[in-house]
Amino acid sequence: MMKIQMCSKSFILFFLVVTSWLSVLANTCRPSGMLRGKRPPRGQCNQENDSECCKPGKFYPTFKCSPHVSHRTKAILTLNSFEEGGDGGGPSECDGKFHLDHTPIVALSTGWFNHRKRCLNNITIFANGRSVNAMVVDECDSTKGCDAEHDFQPPCLNNVVDASKAVWKALGVNSNIGQLIIHWSDA
């Protein structure tokens with residue numbers, strides 16, 4: 001009887017450890033591939049807002065997924081211009097238009113963009129003791145980059161909220177810092 005209880009307890013412990021490990025794995029987003037950087041044609045990489053240009057031979061991770069969305073999802077806030085000629089590249093993915101930088105708008109990493117399911121919906125961004133609602137108008141592509149369509153910039157990481165100057169201003173943060181750890185949720 002004692003052996004059965006020990007085996008039963010060992011099995012339950014083993015089951016809990018495996019279940020916990022699988023749960024962690026399920027909420028983890030790993031790179032889906034690597035993209036090799038190419039030299040952009042002269043004058044073709046827009047470095048507005050300290051945007052990075054692809055470096056020849058450097059490998060950049062690509063992602064088809066993003067971390068799980070919760071009521072306060074941790075992310076990296078970056079600065080993007082959604083205006084024509086800005087570092088955001090072409091028109092926004094959701095409506096095919098350019099947008100003024102004084103409007104609170106964002107682009108989300110590919111996994112969070114979720115095949116346009118968040119298009120033209122608001123998210124709430126929390127940082128610096130403040131919050132702001134911003135409309136999702138674009139995808140920060142985590143699967144491709146280093147080409148003309150992506151302004152010769154590397155793919156986005158999988159946890160980026162790429163925001164207009166209006167979002168940074170509403171949060172009371174100087175956009176010159178380049179990146180900021182924030183939390184966000186669907187509004």
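Accessible areas here come from the Shrake-Rupley method with a 1.4 Å probe.

**View 1. The whole protein in a predicted model.** The protein exposes about 11,000 Å², and carbon and sulfur atoms supply 56% of this area. Of the 187 residues in the protein, 40% are buried. Its secondary structure comes to three helices and eight strands, which follow one another from the N terminus in the order α-β-β-β-β-α-β-β-β-α-β. Among contacts between residues at least 6 apart in sequence, 72% join residues at least 24 apart.

View 2. Strand 4 (residues 105-109) pairs with strand 7 (residues 160-163) in the antiparallel sense over three bridges, and the bridge partner of Leu108 in strand 7 is Val161.

**View 3. A network of salt bridges that links Glu52, Lys55 and Lys58.** The side chain of Glu52 meets that of Lys55 in a salt bridge of 3.7 Å, N to O, and the side chains of Lys58 and Glu52 meet in another at 3.8 Å, N to O. Glu52 counts as partly exposed because its relative accessibility is 35%, while Lys55 is partly exposed with a relative accessible area of 43% and Lys58 with 39%.

**View 4. The salt bridge between Arg116 and Glu93.** The side chains of these two residues meet at 2.9 Å, N to O. The pair links distant parts of the chain, 23 residues apart, with Arg116 in the loop between helix 2 (110-113) and strand 5 (122-127), and Glu93 in the loop between strand 3 (73-79) and strand 4. Arg116 counts as partly exposed at 42% relative accessibility, and Glu93 counts as partly exposed at 35%.

Notes
Residues are numbered from 1 along each chain as its sequence is written. This is a predicted model: local features need pLDDT of at least 70, side-chain atom pairs count only at pLDDT 80 or more; totals for chains, interfaces and linings use all residues. Side-chain values use heavy atoms; hydrogens and water are left out. Helices (H or I, at least four residues) and strands (E, at least two) are DSSP runs, numbered from the N terminus. Buried means under 20% relative accessible area, exposed over 50%, partly exposed in between (1.4 Å probe, protein chains only). Contact means heavy atoms within 4.5 Å. Two strands pair if DSSP finds at least two bridges between them. A salt bridge is a side-chain nitrogen of Lys or Arg within 4 Å of a carboxyl oxygen of Asp or Glu.
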